[in-house]
Amino acid sequence: MNELLKIEGLTKRYSGNLFALNDLHLTLNGGEIVGLLGPNGSGKTTLIKLVNDCLYPTAGTILVNGNPLGPESKEDIAYLPDCTFLNESMRVNNLLNYYQDFYNNFDKDKAWNMLRDLGINQNARMKTLSKGTKEKVQLVLTMSRNAKLYILDEPIGGVDPAARDYILRTILSNYSEDATVLISTHLIADIENVLDRVLFLKQGQLVLNSTVDEIRSEKGKSVDALFREVFQC
Amino acid sequence: MLGKQFKYDMRSLSRILLIVHAFVVVMAIIGSFFSNNSALFQSKESNMWIILFFLFYVIFISVAAFSTQLIIAVDFYKSMFSNQGYLTRTLPLKHSTTFLSKVLSGSLWCFIDLILIFLSIMFVFFSPAMLSEMSVTYQELTDSFQKELGYSLTTFIIFIGIYSTIGVISGVLMIYLSIAVGQLFTSHKILGSVAVYFGITTLTSLLSSGLMIPTGMFSVTSNVPSIDYRFLINSTGIFLVMYSVVTGVVSYILSLYLIKKKTDL
């Protein structure tokens, strides 16, 4: 199996000796849906931002498909942050052109179809759309890329249950089988059934890296139940 | 890829800056009309309105110049360090390509601003009617330059154009450097950027003046007969160009280093 993401000794320290991540080692192969789980402040978003070159590590290395962080790794990663990151003055159709201009693996027709199915006006400016619709546009743009690694940071937080179902269906139906999807969330019950593997992050360290089947067969409990046990307050 | 990034950066800046500079052009046309037809406005009341207009014109031009720099700064900040940075920084581009595109687009708009304001002032305050009143011709001006400085007015204008271009780029780079340094603050990052900007511009001005003193370039304004003013003025001009180049290069290198290695989203 190809090593899609290889992280060695990754550390991120902030001022005042606060370690958001501490000596993290992780390897992800292609073809899995991976849940990055942990309570608030465990380092999930820090890890994601580091992999996407939005934060700079204190120590450690990150390789994406064998490449260090740079233009090649960014072409291989489709990243959905947990905020509105698009230029709000741009129209939806302009954003499609923008993605097509920069990403060789962007499928504009797929994006058009998904937006049409959602009933989103492609001439609308982002700032005129509701929060939920903006998130859908961002999701469509991200999942319309034929990337090797999809990284979705809290894609189902802050939306209604129907929208959550739509988002999960979109994710499952739009990624290629040899790609990997890394989903960060703390809404485990909603996502457990789609996950192949889970990573538990606690205070900046990886405390569990296991397949969902192993957890269920060896520990005899669901991922949600194990999560509550591991991160009990 | 640089071309594509530049295209989108220019679009992002042009949205507001085109409107601002359209008003600059409109004001120039109105001002030029008043300048060229002053004979029509001889009454006390119309004179008062004209004076008010020119006062408003001067304020407007100053505001337009300031707002151009402000819009360029805000656009850079938003695209690199706000939530939009998650898109900008994850594009399959080198940081140097992204930054160069911002420098080029910001500098181009500052240069357009400079040219339009210069032309506007020329149209309003140096109309053919006014020049004929001053009894000055271009030939007379160029003869004076040749006599006093040893080169023609055209050469001087070309030199000013080169100095202005370098100055514009250097100025934009200082703005970007200030914003990048501001991101190192743990809180009040925007305020920090503003403070850093004033600090950098004050420091570079003082350094420039400080370097000019031992060379005697500051003596240009003093009435010392033995000084070769032609040499001093020409040397000062060359020094200012080189100084702008150095500050621009230093600002570029530092800004890129901070963006690559030190600033987190």
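Me: Which residue does A:R197 form a salt bridge with?
Reply: A:E32. In this predicted model, the closest N and O atoms of A:R197 and A:E32 are 3.2 Å apart. A:R197 sits in strand β9 and A:E32 in the loop between β2 and β3 of chain A, so the pair ties together parts that are 165 residues apart in sequence.

Me: Is A:R197 buried or exposed? And what about A:E32, buried or exposed?
Reply: A:R197 is buried, with a relative accessible area of 19%. That counts as buried because the cut-off is under 20%. A:E32 is buried too, at 13%.

Me: What does A:D190 pair with?
Reply: A:R164, in a salt bridge at 3.3 Å, N to O. A:D190 is in helix α7 and A:R164 in helix α6 of chain A, 26 residues apart. A:D190 is partly exposed at 35%, while A:R164 is buried at 18%.

Me: How many salt bridges does the structure hold over all chains?
Reply: There are 15. One of them is between B:D264 and A:K12, at 2.7 Å from N to O. B:D264 lies in the segment after α9 of chain B and A:K12 in strand β1 of chain A, so this pair joins two chains. A:K12 counts as buried, with 5% relative accessibility.

Me: Which residues are linked in a network with A:K6?
Reply: A:E3 and A:E8, through salt bridges.

Me: Switching to the surface: which residues gather in the patch of negative charge?
Reply: A:D196, A:D213, A:E214 and A:E218. A:E218 is in helix α8, residues 212-219 of chain A, and is exposed at 65% relative accessible area.

Me: How many of the residues of helix α1 in chain A are buried?
Reply: Seven of its eight, so the helix is mostly covered. Among the buried ones are A:L47, A:I48 and A:V51. Just after α1(A), A:D53 takes a positive phi of about 65 degrees.

Me: OK, chain B. How many helices and strands are there?
Reply: Nine helices and zero strands. Buried residues make up 40% of its 265 residues.

Me: Where does UniProt place the "transmembrane region" feature in chain B?
Reply: The unreviewed entry gives several stretches, including residues 49-74 and 233-259. Residues 49-74 are 100% helix, with end C-alpha atoms 36 Å apart. For residues 233-259, also 100% helix, the ends lie 39 Å apart.

Me: And which residues of chain A does the "domain: ABC transporter" annotation cover?
Reply: Residues 5-228, according to the unreviewed UniProt entry. That span is 36% helix and 28% strand, and its end C-alpha atoms lie 27 Å apart.

How values were computed. Residues numbered from 1 in each chain as written. Chains lettered and ligands numbered in written order. Predicted model: local features only at pLDDT ≥ 70, side-chain atom pairs only at ≥ 80, totals over all residues. Heavy atoms only, no water. Patch = residues over 30% accessible without salt bridge, like charges linked within 9 Å, V, L, I, M, F, W, Y side chains within 5 Å. Areas by Shrake-Rupley, 256 points an atom, 1.4 Å probe, with all protein chains shown as cover. Salt bridge = Lys/Arg side-chain N within 4 Å of Asp/Glu carboxyl O. Lys, Arg positive; Asp, Glu negative; His and termini not counted. Charge placed at Lys NZ, Arg CZ, Asp CG, Glu CD. Helix = DSSP H or I, 4+ residues; strand = E, 2+ residues; numbered from the N terminus. Buried < 20%, exposed > 50% of the residue type's maximum accessible area, 1.4 Å probe, protein only. UniProt positions renumbered as here; feature names shortened; annotations may be inferred.
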